[in-house]
Amino acid sequence: MADPKALYQEVILDHNKKPRNYGALEHWSHHAEGHNPLCGDHISVTLNLDGDRIDGIAFQGESCAICKASASMMTTTIKGGTRQDAETLIREFRDMATGKLDLAGQPHRLGRLTVFAGVRDLPTRVKCAILPWHTLHAAFNSVASTSTESEDDPMHAPIGDA
Ligand code: ZN
């Protein structure tokens, strides 16, 4: 077994150096901007739904390393899958990052995304890791702009005061 902390560092560094699906799609059906004022993260997500399938997704913006790595891994994980699969992962990722998901005891489909499990112990980084997923959720629901700090955001309540 690899040391989870070392693996986490390696993944974050790798995705920062070479972010996957970085940029904006020329043809897209859904788009949203996400802000995390606590850290200053700002990302933009564009995706194209072909029926129920995500046939393209891209992100760009100014963000810290954790947010960027999370966004990069999010795009590679959900690309080619269905919207339902992505919605499930959004919920599971959020629950993992906020410590509500017991990775060992509960079934989940997070796979390599579990490298982010450690952020639950870093309260100031939880929203950085969640922001891309939060923004994807907004895009699916045709919400043009979202913030981790807006009261009416559906993702706000579960994150609480982390
Ligand atoms: Zn951040």
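Axes here are lines fitted to C-alpha atoms, for helices over the stretch in contact, and angles run from 0 to 180 degrees between N-to-C directions. The model is a predicted one, so local features need pLDDT of at least 70 and side-chain atom pairs count only at pLDDT 80 or more, while totals for chains, interfaces and linings use all residues. Residues are numbered from 1 along each chain as its sequence is written, and side-chain values use heavy atoms, with hydrogens and water left out. Helices (H or I, at least four residues) and strands (E, at least two) are DSSP runs, numbered from the N terminus.

Helix packing comes up first. Two packed helices are described by the angle between their axes and the distance between the axes. For helix 2 (residues 65-78) and helix 4, the axes come within 8 Å and cross at roughly 35°. The crossing is right-handed; a crossing gets that label if the near helix is turned clockwise from the far one by less than a right angle, and is left-handed if anticlockwise. On the helix 2 side, the contact (heavy atoms within 4.5 Å) is made by Ile66, Cys67, Ser70, Ala71, Met74 and Ile78. Helix 4 brings Arg125, Cys128, Ala129, Leu131, Pro132, Trp133 and Leu136 to it. By class, that works out as eleven nonpolar residues, one polar and one charged. For this count, Ala, Val, Leu, Ile, Met, Phe, Trp, Tyr, Cys and Pro are nonpolar, Asp, Glu, Lys and Arg are charged, and the others, Gly among them, are polar.

Helix 4 (residues 123-140) also meets helix 3 (residues 83-97), with axes that come within 10 Å and cross at roughly 155°. That angle makes helix 3 roughly antiparallel to helix 4 (over 145 degrees; under 35 is roughly parallel, 65 to 115 roughly perpendicular and the rest oblique). This crossing is left-handed. Helix 3 puts in Arg83, Ala86, Glu87, Leu89, Ile90, Phe93, Arg94 and Ala97, and helix 4 supplies Val126, Ala129, Ile130, Trp133, Leu136, His137 and Phe140. The tally for this contact is eleven nonpolar, one polar and three charged residues.

Next, the metal site. The zinc ion has as its protein donors Cys39 (SG), Asp41 (OD), Asp41 (OD), Cys64 (SG) and Cys128 (SG), lying 2.2 to 2.6 Å from it. Donors are N, O and S atoms within 2.8 Å of the metal (3.2 Å for Na, K and Ca), and sites may look incomplete because water is not among the atoms. Along the sequence, the donor residues follow the spacing C-x1-D-x22-C-x63-C. Cys39 sits in the loop between strand 1 (30-36) and strand 2 (41-50) and Cys128 in helix 4, so the pair ties together parts that are 89 residues apart in sequence. Cys39 is partly exposed, at a relative accessible area of 35%, whereas Cys128 is buried at 0% (buried means under 20%, exposed over 50%, partly exposed in between, with a 1.4 Å probe and protein chains only).

Asn21, in the loop between helix 1 and strand 1, has a positive phi near 55° despite not being glycine, and is partly exposed at 21%. Ser142 likewise has phi near 55°; Ser142 lies in the loop between helix 4 and strand 4 (145-147) and is exposed at 60%. Pro19 is also found in the loop between helix 1 and strand 1. Leaving aside neighbours within four places in sequence, Pro19 is in contact with Phe59, Lys68 and Ser72.
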